[in-house]
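Student: I would like to learn how to read the features of a structure such as this one. Could we go through them in turn?

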Amino acid sequence: MNSTQRRGVGIQVRGLRKSYDGQLVLRDISFEVAPGEIFVIMGPSGSGKSVLLKHLIGLEKPDAGEILIDNESISSPGLMDRHRIAMVFQSSALLNSLTVGENVGLYLSEHRLKPPAEIEKIVAEKLELVGLAGAQNKLPSELSGGMKKRAALARALVVEPELLLYDEPTSELDPLMAVTVAEEILKLNRRMSVTSVVVTHDRDLAFGIADRIALIHNGSIYSIGTPEEVRNTTHPLFQRFLAADFNLKQSDKS
Amino acid sequence: MFENIGQILILMWRTFQALPLVVRHKRKVFDQLFEIGNASLLMACVLSLFIGGVLALQTGAALAERGLSSFIGQIVGLSMCKELGPVMMAVFISGRIGSAMAAEIGSMAVYQEIDALKTLNINPVHYLVLPRLVAISIALPILVVFSNLVGWFGGAIVSVYNYKVAISYAAYFNSLRSGVDFLDVANGLIKSLVFAVIIGAVSCHQGLRTVGGPRGIGRSVTKAVVNSIVMILILDYFLTRLLMHLDR
Ligand SMILES: Nc1ncnc2c1ncn2[C@@H]1O[C@H](COP(=O)(O)OP(=O)(O)O)[C@@H](O)[C@H]1O
Ligand SMILES: [Mg+2]
């Protein structure tokens, strides 16, 4: 594998089903993501987006169906050694006992991929990229939600993944930072054709970066299409979902 | 509790297989050792002093009535190193260190830190369980050696100063030396090594399977401590029986 001309991996999901204590959370989900694509999964809260994402990285085992990463089942042993997959968690999931710098460099230091001095350099670089320059020695408990999110993004970037999964990457960011993160997702995708799966209910982010968008509701995918196609959805729930706006003051006046 | 024994044994086995990796994690082992020592050494000494003391008090009075007070050193010495040192230290360490392990790993499970490790292709057993299990297996036997020494000394103080017993230090330690040999101490250390593995495995296992937020962490801590202690006390009997067999 050549690191400068790396190609993202393709994903195939077929007939995925998952329930927790009798509650069906994912019902018969199927879709494909092409190598190097930015695939956005959009849907209301509780629709199963996070659960779906955890299946894509093998953290959860499906009750039925299969997930293939470059035609290889996600559950096959050693897959994570052959493919670099990273995830930015909705809750950031930084290790609270480590500093921000140690968190960001964890992948390199634990797998002994680089000497410590070089790791330090890479960590500083990635932190700067996400607007956290100089935060190396802070503890996660000293960061705000948005800062944690960005540190988590930096930690995922250090992996130099072929597949990057984002769970609500902009949910705790201010609008400017959200744009920065969106740009970063695009840049990674363009430069190294990282396959990206982005879960979000941020419409601006979705339409700003997506090659294709899947609309998910109650654990089923309602439709998959380009941003244009999705904008013209005929599903009443998603029409409302995409058109929802703060018009409270106006409706007061009327 | 017993339905998990299979899983606990698997965790022990996987940790055992990973043992060669411990050199990579030696800093974490040292950190854990330091934490265990820091958290328990002083308290262990105080406990042992009183355990040795009460042993001398209970047996001393009874022996003196029968004119057998010259045996007291031997009795305190053997009880301490074969039974009370290992068991009491194991119980104490379950409460002091096992609980901390379950809480720490449990909160990592609840706050998805363990999931994050997995996505970084870091094996939680290697990263979290291995250093803890190794550290506690080193620390507990050492602590038991301390406990024995302090306990013997506690017994000596009571034997000398309690008016019902009132023998000399020399008589006490002569009796102790004649009755306790290296094998007796080793016997207790073997026990404590087994107990250490049990505390570490039970607590880490309980931590790893924690679900359900802060309340879940609390439940895991309680379970880890109670299950460790129950297993220690049950296993102590069978270990004693086994070691007796091997001994003589
Ligand atoms: N580990 C779990 N155990 C039980 N239920 C779960 C678990 N994880 C998620 N769920 C349920 O699955 C549904 C979808 O959750 P999630 O994927 O987090 O939604 P979202 O689309 O907002 O990310 C929710 O109803 C949630 O309660
Ligand atoms: Mg979610």
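Tutor: Seven of the eight residues of H1(A) are buried, so this helix is largely enclosed by the rest of the structure. Buried here means under 20% relative accessible area, exposed means over 50%, and partly exposed lies in between, with a 1.4 Å probe and protein chains only; helices (H or I, at least four residues) and strands (E, at least two) are DSSP runs, numbered from the N terminus. This is a predicted model, in which local features need pLDDT of at least 70 and side-chain atom pairs count only at pLDDT 80 or more, while totals for chains, interfaces and linings use all residues. Residues are numbered from 1 along each chain as its sequence is written, chains are lettered from A and ligands numbered from 1 in the order in which they are written, and side-chain values use heavy atoms, with hydrogens and water left out.

Student: Which residues of H1(A) are buried?

Tutor: They are Lys49(A), Val51(A), Leu52(A), Leu53(A), Lys54(A), His55(A) and Leu56(A). Lys49(A) belongs to helix H1, residues 49–56 of chain A, and is buried because its relative accessible area is 5%. Between Lys49(A) and Glu228(A) there are 179 residues in sequence and 22 Å in space, C-alpha to C-alpha.

Student: Is Gln112(B) buried or exposed?

Tutor: Gln112(B) is buried, its relative accessible area being 16%.

Student: What describes the packing of two helices?

Tutor: Two packed helices are described by the angle between their axes and the distance between the axes. The axes are lines fitted to C-alpha atoms, for helices over the stretch in contact, and angles run from 0 to 180 degrees between N-to-C directions. In chain B, helix H3 (residues 72–110) and helix H7 (residues 182–208) pack at an angle of about 15 degrees, with their axes 8 Å apart, which makes H3(B) roughly parallel to H7(B); angles under 35 degrees count as roughly parallel, over 145 as roughly antiparallel, 65 to 115 as roughly perpendicular and the rest as oblique. The contact of H3(B) with H7(B) comprises 15 nonpolar, nine polar and four charged residues, where Ala, Val, Leu, Ile, Met, Phe, Trp, Tyr, Cys and Pro count as nonpolar, Asp, Glu, Lys and Arg as charged, and the others, Gly among them, as polar.

Student: How does chain B look as a whole?

Tutor: Chain B has eight helices and zero strands, and its C-alpha trace spans about 70 × 35 × 35 Å along its principal axes. Of the 248 residues of chain B, 50% count as buried.
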